[in-house]
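Open the model in your viewer and keep the selection tool ready.

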Amino acid sequence: MGQFYWPKVGQNKWPLTNVTRKSSESFTVDDARLTVSIMAQPSAVAKFMKKRGDESLGIGFLARFLVCNPDSSQGTRLLRGSLEGDCDGYQDYLQRANEILCKKEGHVEKSKTGRKILRFTEEAKIYWEWLYNEIEQNLRINGRFQYARDHGSKLAENITRIAALLSCIEYGEDQKISIDVLKDAEVMGFYFSDVFLRCFESTPEYVKDLGALRDYLQGVRDDGRRFVRKNKIRQSGPSRMRNKPVLDFNLNELARLGEVSILVANSGMLVVDLHPRYPHDNFQWGHFCLENRVPATDYRSLL
């Protein structure tokens, strides 16, 4: 899992950083910037999250990283003929990176060199403002970042940094950041955001339970079925629903929201109606009774 942190910028001058050493000479770092790249196995990350995860999320530490956790490509990395020419793009990138590093090395040696400010074009500035507002609105309840507000609050800033890097590498530091570059950075930023939410989002368990049950029942609807036995959900539904109190609570919650209704057959069997607002359907009900080998009781008597 690769994680990358782009240093925070804003004021023209960063405060001095004093580094005190007990066994060697102390020193002061002036106008410091820091970039951290961490590559770790999932097991190591899981161990860290178990021990320090809540603290890291709480102080916004992880929200400052771009998180990448791609699927393994092992088993598909097959050789297909000559590789000549396949690395041209990579070589171009290395050459450009070397040019930038050489230029920055000169700036480091000249410690008084001022910073270069990259600006948006007017079109990109308008789009960025819209994007910022969209992200901000998704910090609300039921928004994308409801349970990851620390991450969401820094996403627009991280997208801006990506856009600056793309523009600088592709067009040089004298060009303004275009709307096309900003949109490319937006796609990249939301890719990293998706990974972050998948790996670190602190969604409450009851929300995960309700979402898992809702997804399962939607799959039954998509199958063309209207009725499903409660015990069927418990047996073949999400593993979270094996616990009877959990299943009861979440079915009652969906019933309260009007997404399902719970019927009781004469035999005592509990049946979940996945389309409670639809008129009664004798054909669907008859098929359900036949499939489950129960008497085809009048559907209306169950309401």
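**Stop one: two helices in contact**

Select Glu 123, Ala 124, Tyr 127, Trp 128, Leu 131 and Ile 135 in helix 3; they meet Ile 179, Leu 182, Lys 183, Glu 186 and Phe 190 in helix 5. By class, this contact has eight nonpolar residues, three charged ones and no polar ones. Keep in mind that this is a predicted model.

Helix 3 covers residues 122-137, and helix 5 covers residues 179-200. Their axes come within 9 Å and cross at roughly 25°. Angles under 35 degrees count as roughly parallel, so helix 3 and helix 5 are roughly parallel to each other.

**Stop two: a hairpin**

Select residues 261-264, which are strand 7, and residues 270-273, which are strand 8. The two strands pair in the antiparallel sense, over four bridges. Click on Ile 262. Which residue in strand 8 is the bridge partner of Ile 262? The partner is Val 272.

Next, look at the turn. Strand 7 and strand 8 form a hairpin with five residues between them. Pick Gly 268 there: this residue has a positive phi of about 95°.

Move to the second largest pocket, with a volume of about 270 Å³. Select Asn 142, Tyr 147, Tyr 206, Val 207 and Leu 210, the closest to its centre of the 13 lining residues.

Which helix gives the largest share of the lining? Helix 6 does, with five residues. Color helix 6 (205-222) and helix 8 (244-256): each supplies at least two lining residues. By class, the lining divides into five nonpolar, five polar and three charged residues.

How values were computed. Residues are numbered from 1 along each chain as its sequence is written. This is a predicted model: local features need pLDDT of at least 70, side-chain atom pairs count only at pLDDT 80 or more; totals for chains, interfaces and linings use all residues. Side-chain values use heavy atoms; hydrogens and water are left out. Axes are lines fitted to C-alpha atoms, for helices over the stretch in contact, and angles run from 0 to 180 degrees between N-to-C directions. Angles under 35 degrees count as roughly parallel, over 145 as roughly antiparallel, 65 to 115 as roughly perpendicular and the rest as oblique. Contact means heavy atoms within 4.5 Å. Ala, Val, Leu, Ile, Met, Phe, Trp, Tyr, Cys and Pro count as nonpolar, Asp, Glu, Lys and Arg as charged, and the others, Gly among them, as polar. Two strands pair if DSSP finds at least two bridges between them. On a 1 Å grid over the protein atoms alone, a cavity is a set of points where a 1.4 Å probe fits but cannot get out, and a pocket is an open set with protein on both sides within 12 Å along at least five of seven lines; lining residues have an atom within 4 Å of a point. Grid points are joined across faces, edges and corners, and a volume is the space filled by probe spheres set on the points.
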